[in-house]
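Here are some exercises to work through with the structure on your screen. Try each task before you read its solution.

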Amino acid sequence: MVSAVAMLLGFHVLLTYTHDTYASTFSVGPVFSGSRANSGWKEGEMMVPVSAIPRNTSDPNRRKANAAFVVLARNDDLWPFLESMKQMEDRFNHWAGYDYVFLNEEPFSDEFKKYTQALTNTKCHYGLIEKSHWYQPDWIDEDRATAARQDMINKQVIYGHSVPYRNMCRFNSGFFFRHPLLADYDYYWRIEPGVKFFCDIAYDPFLVMQDQNKVYGFAISLYEYIETIPTLWNTVKDFIKKHPEYIAEDNAMAFLSDDGGESYNRCHFWSNFELGDLNFWRSDAYMAFFEHLDSTGGFYYERWGDAPVHSIGAALFARKDQIHFFEDIGYRHEPFQHCPQGAAHTRGKCFCDINNNFDWEWYSCTNKYVDMFK
Ligand SMILES: Nc1nc2c(ncn2[C@@H]2O[C@H](COP(=O)(O)OP(=O)(O)OP(=O)(O)O)[C@@H](O)[C@H]2O)c(=O)[nH]1
Ligand SMILES: [Mg+2]
């Protein structure tokens, strides 16, 4: 392993001095071939496999992953979404050239299609969500669901009143990756309206996922409101008992639980930013997990979010080193931001306030993630 890293570094130095294009496009920081798990943790040092760094970003035959951006949106989300999309294009996709897949439970308007497609040279696909994948199922006891929503309104839980929000969380948890428009893709990057991407991205994060066998990538992590998930962990524990064969060795349980799985510490990756392996969500393990959760009605009797559901799935069914912290991707979704630190900030030409970084705030869980690799 050590000699492989040394060889790659040597190769890089050689290329930097002998190959103009390589030197000018290589600006992403240290190059490693191993996983973070083997290498400890150093803030500001990215783990970018050399294979994810293009020699020439304008080469049409540049190696790409089989991937797309995924955007769940309403027609009303158009203008705030264009802010996100424009930044993604400017920072990354103008050279990377990945397609977009837009999903909605209602048909997208001509206006939505016109202004989104106009922002990119790549192809935008617009899909309708099947009713059974979106709306509250008939078997949900509506009296019980109404009472649960009222209880959350009384407790002032954010989106506690909302059925559409619950539909959205359930769809993102268990259905988006089954949409026919995503069937031929392997990886996705989720983008929401009104987010910010602060820094230039000089390598291909999809290739990091693919080449390093990652299944999940995040930028921000934090604690979930317990009022939204009172019975989620017991439901997860039932699943683990029923299907111990699905639990990965060397998993990330330590991110989720401070007592070996007895209780949930409420840590989750903030899923408004996520890169993921679609085939991981489509696996027997995750599909069985989602069916198990869904059958309890918890998406409607409580307000289970796709963020804890995805995070628990990734943490239990993958190895911990298959979860990747995209530390050099500056990102904001109100009210929190991840701002790359140290040399990564200047290297990425980031515009975020370097002192405004959520990573090590008391409400962040990123310390629990990095502690797993110490
Ligand atoms: N088609 C559709 N998309 C939705 C609906 N509700 C939310 N979305 C999308 O689902 C994603 C998550 O919704 P948000 O409202 O951003 O949820 P959130 O991030 O928890 O809350 P905010 O802090 O308000 O951003 C976004 O991409 C929304 O555009 C809906 O009813 N229909
Ligand atoms: Mg949002």
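**Exercise 1. Find out where arginine 170 sits and whether it is buried or exposed.**

Start with the location: arginine 170 belongs to helix 7 (residues 163-174). Helices here are DSSP runs of H or I with at least four residues, strands are E runs of at least two, and both are numbered from the N terminus. Before going on, note that this is a predicted model: local features need pLDDT of at least 70, side-chain atom pairs count only at pLDDT 80 or more, and totals for chains, interfaces and linings use all residues. Residues are numbered from 1 along each chain as its sequence is written, and chains are lettered from A and ligands numbered from 1 in the order in which they are written.

Next, count neighbours. A residue is buried if 20 or more other C-beta atoms lie within 10 Å of its own, exposed if 12 or fewer, and partly exposed in between, with C-beta atoms placed from the backbone. Arginine 170 has 25 other C-beta atoms within 10 Å, so it is buried.

Finally, look for partners. Two residues are in contact if their C-beta atoms, placed from the backbone, lie within 7 Å. Setting aside neighbours within four places in sequence, arginine 170 contacts Asp294 and Phe299. Its C-alpha atom is also 9.2 Å from that of tyrosine 135, 35 residues away along the chain.

**Exercise 2. Check the length of helix 6 (residues 142-154).**

The expected span is 1.5 Å times one less than the number of residues. For the 13 residues of helix 6 that should give 18 Å, and the end C-alpha atoms are 18 Å apart, so the two agree. Now step just past helix 6: glutamine 156 has a positive phi of about 55°.

**Exercise 3. Describe how helix 3 (residues 78-96) packs against helix 4 (residues 110-117).**

Axes are lines fitted to C-alpha atoms, for helices over the stretch in contact, and angles run from 0 to 180 degrees between N-to-C directions. Here the angle is about 15° and the axes are 10 Å apart. Angles under 35 degrees count as roughly parallel, over 145 as roughly antiparallel, 65 to 115 as roughly perpendicular and the rest as oblique. So helix 3 is roughly parallel to helix 4. Who makes the contact? Leu78, Leu82 and Met85 come from helix 3, while Glu111, Phe112, Tyr115 and Thr116 come from helix 4.

**Exercise 4. Repeat this for helix 12 (residues 284-295) and helix 14.**

The angle is about 140° and the axes lie 11 Å apart. That makes helix 12 oblique to helix 14. Helix 12 brings Ala285, Tyr286, Phe289 and Leu293 to the contact, and helix 14 brings Val309, Gly313 and Phe317.

**Exercise 5. Which residues touch the most other members of the largest nonpolar core?**

A nonpolar core is a set of buried Ala, Val, Leu, Ile, Met, Phe, Trp, Tyr and Cys residues joined through C-beta atoms within 7 Å. Among the 89 residues of the largest one, Phe69 and Phe218 touch the most other members. Helix 14 (residues 306-317) gives the most to this core, with seven residues.
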